[in-house]
Amino acid sequence: DLNTPMAISHLHELAHQLNKSSDPTDQARLKGHLVAGGAVLGLVQADPEDWFKGAEIVVSAGALKLTGYAPSITIEVSPESIDRLIEEREQARNSKEFEEREQARNSKEFAIADEIRNRLAAQGIILEDSKDGTTTWRRAG
């Protein structure tokens, strides 16, 4: 029993201390502890900047693949699942604007609500308001 939650908690605390430290010697010590502790769990194995520079997400017929980082990760998914993931990502990305538009409508600031609607339409997202006050969205096309 590695008590994984406790181990992750300690790694988080080390990262917090590392981010707060301004002493290079202390930073090196903390980074060493963080990397060593992460290695036990298979975490913190690559420099984040190097990982993000080399990582690439490839979506192809029926698969999502993360490459450029050892080991490469491939997840087999159906085309419908890929469409759903893309739709969920778009919805999450635009949820703040949806909320701002809803607040503007509720406050009867219709010019602001229309501006947000137009901005989303320019991104290919169509908002449809119903008589009962709810709004749904769909991709144009």
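Let's start with D129. At 32% relative accessibility, D129 counts as partly exposed. This is a predicted model, so keep that in mind throughout. D129 pairs with R117 in a salt bridge, and the closest N and O atoms are 2.5 Å apart. R117 sits in helix α5 and D129 in strand β4, residues 125-129. The two are 12 residues apart, and the pair links distant parts of the chain. R117 is also partly exposed, at 24% relative accessibility.

The pair belongs to something wider. Salt bridges that share partners join R101, E102, R105, R117 and D129 into one network.

Take E102 and R105. Their closest N and O atoms are 3.7 Å apart, and they form a salt bridge. Both are in helix α4, 3 residues apart, so about one helical turn separates them. E102 is partly exposed, with a relative accessible area of 28%.

Now R101. Which helix holds R101? Helix α4, residues 79-106. Is R101 buried or exposed? Buried, because its relative accessible area is 3% and the cut-off is under 20%. A polar atom of the R101 side chain lies 3.4 Å from the backbone oxygen of A113. Leaving out residues up to four places away in sequence, R101 touches A113, I116, R117, L127, D129 and T135.

Next, another bridge. E97 and R119 form a salt bridge, with closest N and O atoms 2.6 Å apart. E97 is in helix α4 and R119 in helix α5, residues 110-122, so the pair ties together parts 22 residues apart in sequence. E97 counts as buried, at 15% relative accessibility. R119 is partly exposed, at 32%. The total count is 8 salt bridges.

Over to α2. This helix has 18 residues. From first C-alpha to last, α2 reaches 26 Å, close to the 26 Å expected at 1.5 Å a residue. Which residues of α2 are buried? L30, L34 and G38. They cover an arc of only 65° around the axis, so they lie on the same side of α2. What covers them includes α1. The face turned away from that buried side carries the exposed residues T25, A28 and V40. Just after α2, G42 takes a positive phi of about 80°.

Last stop, S21. S21 is in the loop between α1 (4-20) and α2 (24-41). S21 is buried, with a relative accessible area of 13%. Not counting residues up to four places away in sequence, S21 touches D26, Q27 and L30. L30 is one of the buried residues of α2.

Technical notes:
Residues numbered from 1 in each chain as written. Predicted model: local features only at pLDDT ≥ 70, side-chain atom pairs only at ≥ 80, totals over all residues. Heavy atoms only, no water. Helix = DSSP H or I, 4+ residues; strand = E, 2+ residues; numbered from the N terminus. Buried < 20%, exposed > 50% of the residue type's maximum accessible area, 1.4 Å probe, protein only. Polar contact = N/O pair within 3.5 Å; in protein donor to acceptor, adjacent residues only side chain to side chain. Contact = heavy atoms within 4.5 Å. Expected span 1.5 Å × (residues − 1). Arc of directions from axis to C-beta. Salt bridge = Lys/Arg side-chain N within 4 Å of Asp/Glu carboxyl O.
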